[in-house]
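Hi,

Here is the structure I promised to pass along. Have a look at it first, and then read on for what turned up.

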Amino acid sequence: MRTGLDRTTARATDGTAARTRPGARARAATVLAATAALALALAGCGSGGGAKKDEGSGGTGAGAAPTVQLPSLKGEKLQVTAVWTGAERENFGKVLAEFEKRTGAKVDFVPSGDDMAGFIGSKIAGGGPPDIALLQQVGVLNEFAQKGWLKPLGATAKAQLAKNFSKGWQDLGAHRGTPYGVYFKASNKSLVWYNTKAFENAGVQEPKTWPDFLKAARTISDSGVEPVSIGGSDGWTLTDWFENVYLSQAGPEKYDLLAKHDLKWTDPSVKAALTTLGQLFGHKELLAGGNSGALQTDFPTSVTQTFTGGDTPKAAMVSSADFAAASIAQTKAKVGSDAKVFAFPAVGAKSPVVTGGDAAVALKDSKASQALLTFLASTDAARIWAQAGGFISPNRELDRAVYPSDVMRKIADALIAAGDGFRFDMSDQAPASFGGKPGQGEWKDLQDFLKNPGDVAGTQAQLEKDAAKSFGH
């Protein structure tokens, strides 16, 4: 996390993150079976195509009859904050516009920037918190709930949550059994998007394993195109790289232990993952702009530079969640033809499956706040952004036919098919001071590693020092 497109740098168009405390951490995990489901679902992601009728009870798109009744809120005003900017903000604006149309309320959107915890904290201190916030970190949700800043979901919002979301997503939005959050947006973060022309010109195929990935990158480099685009100026992108490598290589059990800091960052499994990442980060010719260039590139640019430039793009591929589609939409490339996707290559026995998400929570308890949470938990709201693109919903009742391409539909199918078997972004499960703030903690430590990928031991020591301080261990 961060935003999707712009978590802007936050997770770009679909993403999110979560930090978790006791109960949520355990539930935030993924089942390796989900990996197989994702691999199968992505096997045919190369083909594009129009939406076809799918099984689902969420309606089929524009003009579909409302599935939830909202109260009249004429004269009411709401302030909503999220990390989204650019295309993400624009698409979320369409959701809010529909809410305004149906209720008569006026909604003001205020971008929070990457440091949501700091933004909300300052607003609370000043006595003027927003009505609704969309949090990317489970840890932040739990911290806010512990401080008494969050208002529990009302009856209508809870009814929509129970109807439309699996228990795993419900649990992620709860603190000590009390539901506070609605996961409006989710992301599959174990994907690599690629420029089909660059792959074709180099004569390479979609790699299935890490060694094949590195081999393809070298071949692409030899063809005259820098292979891998990394938005290193946004530290969260580097945590995604680490998490995918670590989950596949070390396995889910150690992933869960490290996420809770029940395993130290000086553990040999972390050394192995950083060493593996160093096989990419340690070869500047494989990175768009080299290491220094990667450190100066933000997330949106890391995506757009991969899909502009015709036969000579600045990069051939970028590891990013499904929300990268929103950034791709800012170029002339078409998802499904010019831009395709493959599952993050297997470092260990299987490819990883890491997810993220944005949970809507109320900081003010009012009829209008609860109505917006109810709307965001419905298929009505999810349908609007799904049709616009760059969005995946964990709402199981949403008709997948509303997604604009086969690529997005397959990614959504895989997410829903995983049920409760998903592993949530590790950095988003940590306290914000370690896994969710620019310029400190894991974000900065991995930026320093990208700058000096040969210093594995030093990186481990700093990660452990920062984690111990944040977790209080």
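Helix H3 (residues 86–103) packs against helix H17 (residues 379–388) at an angle of about 145°, and their axes lie 9 Å apart. The crossing of H3 past H17 is right-handed. On the H3 side, the residues in contact are Glu88, Asn91, Phe92, Lys94, Val95, Glu98 and Arg102, and they meet Asp380, Ala381, Ile384, Trp385 and Ala388 of H17. Sorted by class, this contact between H3 and H17 is made of six nonpolar, one polar and five charged residues. Please keep in mind that this is a predicted model.

The other piece I looked at is a sheet. Four strands form an open sheet in the order E8-E9-E7-E10, and the pairing is mixed. Strand E8 (228–229) and strand E10 (339–343) sit at the edges, each pairing on one side only. Strands in a sheet are held in pairs by backbone hydrogen bonds, in a parallel or an antiparallel sense. Here, strand E7 (residues 191–195) and strand E9 (residues 317–319) are antiparallel, with three bridges between them.

As for the chain as a whole, 21 helices and twelve strands are present. The protein chain has 473 residues, and 62% of them count as buried. Its accessible surface is about 16200 Å², with 50% of that belonging to carbon and sulfur atoms. Among contacts in the chain with a separation of 6 or more, 79% come from residues 24 or more positions apart.

Conventions
Residues numbered from 1 in each chain as written. Predicted model: local features only at pLDDT ≥ 70, side-chain atom pairs only at ≥ 80, totals over all residues. Heavy atoms only, no water. Axes fitted to C-alpha atoms, helices over the stretch in contact; angles between N-to-C directions. Helix = DSSP H or I, 4+ residues; strand = E, 2+ residues; numbered from the N terminus. Left-handed = near helix turned anticlockwise from the far one by under 90°. Contact = heavy atoms within 4.5 Å. Nonpolar A, V, L, I, M, F, W, Y, C, P; charged D, E, K, R; others polar. Buried < 20%, exposed > 50% of the residue type's maximum accessible area, 1.4 Å probe, protein only. Areas by Shrake-Rupley, 256 points an atom, 1.4 Å probe, with all protein chains shown as cover. Pairing = 2+ DSSP bridges.
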